[in-house]
Number of protein chains: 2
Amino acid sequence: MENQNDIASASTIQVVRQVMNYWADRNKAVTDYFNKYADDFYYQEVAPNRSRAIYLFGHLIAINDAMIPLLGLGEKLLPEYAAMFIVAPDKSIAELPSMPELKKSWEKINHTLTQYFNNMSPGEWLDRHMSISPEDFRRDPLRNKLNVLINRTNHQSYHLGQLVLLKPELS
Amino acid sequence: MENQNDIASASTIQVVRQVMNYWADRNKAVTDYFNKYADDFYYQEVAPNRSRAIYLFGHLIAINDAMIPLLGLGEKLLPEYAAMFIVAPDKSIAELPSMPELKKSWEKINHTLTQYFNNMSPGEWLDRHMSISPEDFRRDPLRNKLNVLINRTNHQSYHLGQLVLLKPELS
């Protein structure tokens with residue numbers, strides 16, 4: 001990690017900052033979406049026989065929570081969300097957390113991730129994530145923590161594309 | 001541009017490469033999606049009263065084409081696509097290009113962008129894009145070409161999220 005810190009130039013710091021900023025931008029778009037309508041609205045499917053918005057909210061929370069151990073930052077805050085929102089498809093579990101609970105969880109994960117991210121150096125972002133061995137990472141240094149962030153930013157965009165299909169006139 | 005090239009360290013080159021790789025990855029996911037089913041399949045709406053997959057394909061072509069002038073690389077290859085696929089919403093224009101035509105256009109834009117991208121130095125990626133003035137760029141150096149690429153990668157992810165809602169069993 002140290003030698004990667006050494007070579008972090010001003011331009012590397014800038015590029016890492018850009019990737020982080022775009023993560024935060026898409027994260028805020030999700031926040032804004034779930035603050036836009038009354039809670040009932042989010043119980044609709046985004047398309048016929050597809051997931052409901054409330055399920056996708058829990059799914060985004062679970063995937064973002066999983067970044068904490070994947071980036072080597074600590075333990076998941078909501079480990080019980082994986083079974084409900086990653087393993088199980090929507091409508092297979094009788095009771096999901098309510099919208100107010102999910103909003104609280106989203107804020108909690110975001111707050112924690114933001115704190116962790118703000119303390120990470122560019123060298124840490126360029127270090128391996130926890131799902132790749134040191135040997136494999138030596139062969140493929142692009143499988144670093146920044147790649148996880150790029151991937152998860154696009155994951156937010158992907159589900160945002162689905163969420164916006166729900167419009168009030170359809171409710 | 002030259003002084004930005006000067007400070008491009010090995011780690012900057014790597015991070016720019018990661019952003020480019022992820023662009024190519026999501027671009028390939030779009031290609032794979034439109035090669036997966038028979039042409040008729042893509043004439044379905046991704047959700048009730050929403051755009052058809054064929055329209056979203058043209059839209060992705062138009063937005064990617066617009067990157068060429070935005071990145072200062074040259075002129076659009078398909079300037080007529082903007083009116084059909086950005087300005088006009090789906091189902092407002094009687095005749096759109098056919099799926100085989102759109103596939104040819106997609107390949108053409110991708111081929112051209114790939115060639116341009118492969119010739120761009122990290123310093124060029126960190127230079128301003130063509131929609132920001134040199135003065136504004138001095139105040140906000142994150143509004144560079146790399147930011148356009150990050151944004152357009154997420155744009156592909158956003159519409160991929162919508163496209164995958166169409167499944168054969170719904171047709």
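Chain A has about 7900 Å² of accessible surface, and carbon and sulfur atoms account for 51% of that. Bear in mind that this is a predicted model.

**Chain A by itself**

- On secondary structure, chain A has eight helices and zero strands.
- Reading from the N terminus, that gives α-α-α-α-α-α-α-α.
- The C-alpha trace of chain A spans about 55 × 30 × 25 Å along its principal axes.
- Chain A has 171 residues, and 53% of them count as buried.
- Take the contacts in chain A between residues at least 6 apart in sequence: 68% of these join residues at least 24 apart.

**Where chain A meets chain B**

- On the chain A side, 39 residues are in contact, and they touch 38 residues of chain B.
- The two chains bury about 3200 Å² between them, with 61% of it coming from carbon and sulfur atoms.
- Which residues of chain A lose the most area to chain B? They are Gln18(A), Tyr22(A) and Arg50(A), which together make up 19% of what that side buries.
- As for polar links, 20 residue pairs are in polar contact between chain A and chain B, counting pairs with both residues at pLDDT 80 or more.
- Salt bridges are another story: the count between chain A and chain B is zero.
- Two helices of chain A, α2 (10-34) and α8 (145-163), are the elements that give two or more residues to the side touching chain B.
- Sorted by type, the residues on that side of chain A come out as 19 nonpolar, 15 polar and five charged.

**A stop at Gln44(B)**

- Is Gln44(B) buried or exposed? Gln44(B) counts as buried because its relative accessibility is 19%, and the cut-off for buried is under 20%.
- The side chain of Gln44(B) has a polar atom 2.9 Å from the backbone oxygen of Phe41(B).

Note on methods:
Residues are numbered from 1 along each chain as its sequence is written. Chains are lettered from A and ligands numbered from 1 in the order in which they are written. This is a predicted model: local features need pLDDT of at least 70, side-chain atom pairs count only at pLDDT 80 or more; totals for chains, interfaces and linings use all residues. Side-chain values use heavy atoms; hydrogens and water are left out. Contact means heavy atoms within 4.5 Å. Buried area is the accessible area (1.4 Å probe) that two parts lose on being put together, summed over both. A salt bridge is a side-chain nitrogen of Lys or Arg within 4 Å of a carboxyl oxygen of Asp or Glu. A polar contact is a pair of N or O atoms within 3.5 Å; within protein, one must be able to donate a hydrogen and the other to accept it, and residues adjacent in sequence count only if both atoms are side-chain atoms. Helices (H or I, at least four residues) and strands (E, at least two) are DSSP runs, numbered from the N terminus. Ala, Val, Leu, Ile, Met, Phe, Trp, Tyr, Cys and Pro count as nonpolar, Asp, Glu, Lys and Arg as charged, and the others, Gly among them, as polar. Buried means under 20% relative accessible area, exposed over 50%, partly exposed in between (1.4 Å probe, protein chains only). Accessible areas come from the Shrake-Rupley method with a 1.4 Å probe; for residues, only the protein chains shown count as cover.
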